[in-house]
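Subject: Structure handover

Hello,

Here is the structure for you to take over. Please open it first, then read the notes below.

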Amino acid sequence: MRNTVLHLLVFLLLAWINPAFSLDANFEWKAGVAKMDITPNHPLWLAGYGGRTAPSEGTLHPIWVKALAMEDAQGEQSVLITSDLLGWPKALSDDIRAAVQRKYGLSKAQIILNSSHTHTGPVLQDALFDIYPLDDAEREKIKKYSAGLSDRVVDLIGQSLADMESVRIYAENGVARFQVNRRNNEESTQARITDLNGPNDYAVPVIKVEKSDQSLMAVVFGYACHPTVLGINQWSGDYPGFAQLELEKDHPGMQAMFFQGAGADQNPIPRRTIPLARQYGRTLAAAVDRVLEEDMKPLASSLKTAYTEVSLDLNMPPSIEELTHHCEVSSSYQKRWGERMLKDAQDGKEFRTSYPYPLQVWEMGDQRIFALGGELLVGYAIQLKEIFGYDSFVMGYSNDVMSYIPTARVLHEGGYEGASAQVVYGLPAKWSFNIESTIIHGMVELAKTIGVQSPQSKLIGQ
Ligand SMILES: [Zn+2]
């Protein structure tokens with residue numbers, strides 16, 4: 001009897017200190033973290049801008065790949081990878097995921113490879129090669145770095161899986177508003193404008209991983225905004241790099257992990273200076289800290305994962321005559337793209353007419369996480385939230401970054417995100433008019449396979 005009373009008192013005390021303790025074992029997860037410094041130790045070309053004329057010249061702050069392994073009460077596992085990289089090219093991502101399946105038995109559904117899209121990270125093999133003025137020696141260095149990175153990421157995932165301990169996991173959305181829709185606002189006057197045009201997504205999704213002693217193991221956070229404050233020739237994670245540094249400084253021992261949202265048409269404005277990158281990093285870290293300080297939603301220990309690739313149609317590629325004319329009138333990367341295309345066409349090579357586009361859903365407790373490939377425009381995040389609930393988390397730049405992914409409206413409007421970025425990424429044609437319906441329909445169907453439906457799906461009984 002006295003034992004029972006004692007147990008009850010201890011339980012009430014723990015519940016008072018930490019409300020999550022009043023929850024039962026259904027909220028008990030396991031998790032492990034690992035990270036590695038991927039800063040190249042020699043000059044290498046920086047990714048994201050075609051205008052650079054020389055490789056890297058030193059480091060502003062180190063760049064990282066970070067892993068968070070999670071396991072629910074039934075033993076179902078997943079690994080989230082975040083990275084200070086422009087994007088994971090398909091071949092590299094496929095290699096990593098095939099090795100992870102072989103070595104650790106995890107399927108593509110169980111791994112998310114997200115990239116922050118920093119424009120001060122390294123060029124990787126087979127990514128945007130037309131836009132960089134690379135010679136053979138630079139290409140060889142990139143090839144070697146990419147191969148080494150692939151092996152190291154597989155090892156990193158192994159480390160995170162090998163070192164798991166008991167945790168509780170929480171989720172909640174915060175808010176920050178330094179992004180600006182770059183298609184619908186003029187950058188040159190941004191600093192003075194008071195009325196900015198959308199669409200926007202101000203959400204700062206946060207996942208908190210708390211150890212049994214209530215110290216923080218990891219915080220995962222996102223934002224939908226290009227890391228294009230900096231175009232310097234030094235390695236950095238741009239504003240997400242500064243945000244992670246701030247959070248890790250304020251919470252010693254915790255691993256801070258940033259994921260990029262649907263930030264393809266969002267820029268941090270004004271931009272272009274290191275103090276601005278630091279300012280936005282601090283702003284984002286402050287938004288995350290506020291969420292950590294308030295009550296967050298505890299996630300029941302139930303993990304469901306699903307992955308598929310839908311075929312996105314491309315329009316007809318240009319003819320030999322059209323390419324010949326294009327090469328005569330264009331310059332720079334447009335010309336390099338045209339010449340490569342023309343040679344392929346003359347060699348009788350078939351151009352691709354579709355692209356296998358990755359879609360992924362995780363449900364952790366009742367938290368929905370949607371991960372999509374490519375440079376995802378903000379309209380997709382808004383639509384997915386309208387369908388699946390505004391507390392859903394949306395990641396772009398996941399598993400394969402093959403080009404921009406415009407909404408139907410942006411495709412119709414054209415411009416960089418709707419049309420010319422296809423050349424930057426080396427694709428032969430524009431996306432077909434059905435891109436948006438294919439992606440949204442594909443995601444709805446994928447979500448159904450693991451029982452994820454709209455929160456408004458019930459007519460009665462709610
Ligand atoms: Zn971009």
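Pro199 sits in the loop between strand S6 (179-181) and strand S7 (203-211). This is a predicted model. The peptide bond from Gly198 to Pro199 is cis, with omega near 5°.

There is another cis bond, from Ile269 to Pro270, with omega near 0°. Pro270 belongs to the loop between strand S10 (266-268) and helix H5 (274-293).

Most peptide bonds are trans, and most residues other than glycine have a negative phi. Gln214 has a phi near 70°, a positive value, and is not a glycine. Look for Gln214 in the loop between S7 and strand S8 (216-223). Tyr397 also has a positive phi, of about 55°. Tyr397 lies in the loop between strand S16 (393-395) and S17.

Are these two residues buried or exposed? Gln214 counts as partly exposed because its relative accessibility is 31%. Tyr397 has a relative accessible area of 0%, so it is buried.

Now the metal site. The zinc ion has these protein donors: His117 (NE2), His226 (NE2), Glu375 (OE) and Tyr404 (OH). They lie 2.1 to 2.6 Å from the ion. The angles among the four donor atoms run from 76 to 168°, and the site is irregular. For four tetrahedral donors, the ideal angle is 109.5 degrees. Along the sequence, the donor residues follow the spacing H-x108-H-x148-E-x28-Y. His117 and Tyr404 link distant parts of the chain, 287 residues apart. His117 is in the loop between strand S4 (111-113) and helix H3 (136-162), while Tyr404 is in strand S17 (residues 404-405). Both His117 and Tyr404 are buried.

Two helix pairs are worth a look.

Helix H2 (residues 90-104) packs with H3 at an angle of about 35°. Their axes are 10 Å apart, and the crossing is right-handed. Contact residues of H2 include Leu92, Ile96 and Val100, and those of H3 include Leu149, Val153 and Leu161. By class, the contact of H2 with H3 has ten nonpolar, three polar and three charged residues.

Helix H8 (residues 378-388) packs with helix H11 (residues 435-449) at about 40°, with axes 11 Å apart. The crossing of H8 and H11 is right-handed. Among the residues that meet are Tyr380, Leu384 and Phe388 in H8, and Ile439, Met443 and Ala447 in H11. The contact of H8 with H11 divides into ten nonpolar, one polar and one charged residues.

Best wishes

Terms used. Residues are numbered from 1 along each chain as its sequence is written. This is a predicted model: local features need pLDDT of at least 70, side-chain atom pairs count only at pLDDT 80 or more; totals for chains, interfaces and linings use all residues. Side-chain values use heavy atoms; hydrogens and water are left out. Axes are lines fitted to C-alpha atoms, for helices over the stretch in contact, and angles run from 0 to 180 degrees between N-to-C directions. Helices (H or I, at least four residues) and strands (E, at least two) are DSSP runs, numbered from the N terminus. A crossing is left-handed if the near helix is turned anticlockwise from the far one by less than a right angle, and right-handed if clockwise. Contact means heavy atoms within 4.5 Å. Ala, Val, Leu, Ile, Met, Phe, Trp, Tyr, Cys and Pro count as nonpolar, Asp, Glu, Lys and Arg as charged, and the others, Gly among them, as polar. Donors are N, O and S atoms within 2.8 Å of the metal (3.2 Å for Na, K and Ca); water is not among the atoms, so sites may look incomplete. Four donors count as tetrahedral if all angles lie between 85 and 135 degrees; four count as square planar and six as octahedral if opposite donors are over 155 degrees apart and all others between 65 and 115; anything else is irregular. Buried means under 20% relative accessible area, exposed over 50%, partly exposed in between (1.4 Å probe, protein chains only).
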